[in-house]
Amino acid sequence: MELEMVDRIVDRYDARSSALLAILQDIQQEANYLPQAALRQVARRLDIPLTRVVRMATFYAAFSLKPRGRFVCNVCLGTACHVRGAGRVLDQFQRTLGIGVGETTDDGLFTLQTVNCVGACALGPVVVVGEQYHREMNNRKVDRMLKSYRKQAGE
Amino acid sequence: MLTFTIDGQTVQAEEGQNLLEVALAHGFDIPTLCYHPSVSAYGACRLCLVEVTQRGRSRITTSCNYPALPGISVVTRNDRIDRLRRLVMELILCRDPGNPQLQAMADRLGVDRTRLRFASRQDGCILCGLCERICRESIGADAISFVGRGHERRLATPFDEPSESCVGCLACAMVCPTQVIEFTQDADTRTIWKRTFTLVKCKECGAVLGTPEELALFQRKTGLDASYFDTCDACRKKQTATAFAAVTWGGQRP
């Protein structure tokens with residue numbers, strides 16, 4: 001964990017404590033999760049209690065305090081996706097990857113998460129991987145998608 | 001000073017006071033779990049509901065965080081308030097129906113059971129956050145806070161590790177309305193939030209004074225001489241009385 005990265009991000013916001021949320025977002029963007037050491041450094045640099053940082057970091061579902069895989073798969077379980085079979089899609093992820101929700105595969109490639117709506121209901125069931133949206137997912141498409149990400153990782 | 005009425009009685013309050021503290025000061029009985037006069041009001045337990053009428057409009061609101069305003073009339077009890085308090089009590093009680101403090105409050109409000117069940121955990125914590133506020137606002141240690149959200153929300157030290165900023169003062173455990181913050185203490189040590197502190201004792205009688213960390217913090221905050229923290233209240237009183245007697249009567253009792 002490079003604390004210089006944290007320092008650089010904190011400096012970008014002039015070490016203003018009101019920018020805490022934005023700082024945490026930037027750290028997660030770079031490190032893929034929020035390491036403990038980074039949160040401690042943020043508290044030190046902003047001169048605020050560690051409790052305030054931890055309270056915010058644990059409040060938002062978008063933050064993870066555990067290392068995540070290279071591809072974070074968010075299966076949408078919102079109402080529209082749900083009625084169009086998101087539950088089956090999630091089952092397929094769990095079967096194929098052999099992990100539960102919130103877990104990461106041993107090879108560090110995939111993390112499985114659920115989300116309650118991504119605002120793309122017309123495309124449901126939706127799966128968001130990183131920044132990419134995958135529409136009208138079904139079991140076959142899940143397998144195909146995972147295969148292509150594995151291939152991408154191998155290159 | 002501003003004037004308004006509580007249950008028909010005219011009362012006076014300072015600007016900035018909340019309804020609950022004015023009502024309690026005038027002897028009105030309002031049930032609370034999350035209120036403490038030394039920290040900011042949070043409105044978590046919702047038991048201090050009262051009816052406030054202002055310019056002909058009435059509303060039910062929590063009195064702990066509602067400001068005293070000139071000319072309003074406040075009702076601390078009626079059928080509607082009682083009914084709402086009982087419902088709120090059922091909601092709180094379902095978090096741990098076996099908790100003695102919650103049972104006592106339920107008895108007081110005429111609630112004998114809760115129709116709800118809170119499945120996640122039954123640890124007696126009602127998430128009122130009083131421990132967090134006393135730690136931050138009164139003690140200034142900021143050792144614990146809410147973590148997580150929704151049904152996973154709870155109070156903990158950062159990363160559930162022994163907190164570096166905790167001074168082991170036990171304020172959190174003392175104010176907890178359901179008495180569920182655990183700590184242990186033997187002759188020489190005290191353990192709370194997974195951290196063990198040694199105990200400092202009175203140089204005269206050996207009574208426990210507290211942890212070195214809390215005494216250092218209180219010395220810093222009060223600016224008192226370090227020697228003030230050598231003895232317990234009783235022994236300090238004795239010393240002062242002896243010194244006083246020496247000055248006044250030359251050490252002889254009249």
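**Entry 1: salt bridges**

I started with a search of the whole structure, which turned up 21 salt bridges over all chains. This is a predicted model, so I read every value here as computed from a prediction. One of the pairs I looked up is A:Arg45 with A:Asp7, where the closest N and O atoms are 3.1 Å apart. A:Arg45 sits in helix 3 (residues 36-46) of chain A and A:Asp7 in helix 1 (residues 3-12) of chain A, so this pair ties together parts that are 38 residues apart in sequence.

**Entry 2: confidence**

For the complex I noted an ipTM of 0.84 and a pTM of 0.84. For chain B I found an average pLDDT of 93, with 98% of the residues scoring at least 70.

**Entry 3: chain A in outline**

How many helices and strands does chain A have? I got seven helices and four strands. Following the sequence, I wrote down the order as α-α-α-α-β-α-α-β-β-β-α. I also boxed the C-alpha atoms of chain A along the principal axes, and they fill roughly 50 × 35 × 25 Å.

**Entry 4: some spots in the loops of chain A**

I went to A:Arg70, which I found in the loop between helix 4 and strand 1 of chain A. Which residues does A:Arg70 touch, if I don't count those up to four places away in sequence? My list reads A:Gly108, A:Leu109, A:Gln152 and A:Ala153. I also checked A:Gly130, which is 60 residues from A:Arg70 along the chain, and their C-alpha atoms are separated by 8.6 Å.

Then I turned to the backbone. As a reminder to myself, most residues other than glycine have a negative phi, and most peptide bonds are trans. I noted two departures from that.

- The peptide bond from A:Gly124 to A:Pro125 is cis, and I read omega near -10°. A:Pro125 belongs to the loop between strand 2 and strand 3 (127-129) of chain A.
- A:Glu136 is not a glycine, yet I read a positive phi of about 40° for it. I placed A:Glu136 in the loop between strand 4 (132-134) and helix 7 (139-154) of chain A.

**Entry 5: where the chains meet**

I counted 16 residues of chain B in contact with 12 residues of chain A. The area buried between chain B and chain A came out at about 1200 Å², and carbon and sulfur atoms give 56% of it.

**Entry 6: the largest pocket**

I put the volume of the largest pocket at about 1500 Å³. I listed 43 residues in its lining, and A:Ala61, A:Ala62, A:Phe63, A:Ser64 and A:Gln113 lie nearest the centre of the pocket.

Which elements supply at least two residues each to the lining of the largest pocket? From chain A I wrote down helix 2 (20-31), helix 4 (50-59), strand 1 (71-76) and strand 2 (110-115), and from chain B strand 7 (154-156). Sorting the lining by type, I got 20 nonpolar, 15 polar and eight charged residues.

**Entry 7: the cavity**

I searched for cavities of 30 Å³ or more and found one. The largest cavity holds about 110 Å³ of space. I listed 15 lining residues, and those nearest its centre are B:Cys135, B:Ala143, B:Cys166, B:Cys169 and B:Cys172.

In chain B, helix 4 (130-139) and helix 5 (171-175) each supply at least two residues of this lining. Helix 4 of chain B gives the most, with three residues. Is the lining of the largest cavity mostly nonpolar or charged? I sorted it into 14 nonpolar residues, one polar and no charged.

Technical notes: Residues numbered from 1 in each chain as written. Chains lettered and ligands numbered in written order. Predicted model: local features only at pLDDT ≥ 70, side-chain atom pairs only at ≥ 80, totals over all residues. Heavy atoms only, no water. 1 Å grid on protein atoms, 1.4 Å probe; cavity = no way out; pocket = protein on both sides within 12 Å on 5 of 7 lines; lining within 4 Å. Points joined across faces, edges and corners; volume = space filled by probe spheres on them. Nonpolar A, V, L, I, M, F, W, Y, C, P; charged D, E, K, R; others polar. pLDDT = per-residue confidence, 0-100. Contact = heavy atoms within 4.5 Å. Buried area = accessible area lost by both parts, 1.4 Å probe. Salt bridge = Lys/Arg side-chain N within 4 Å of Asp/Glu carboxyl O.
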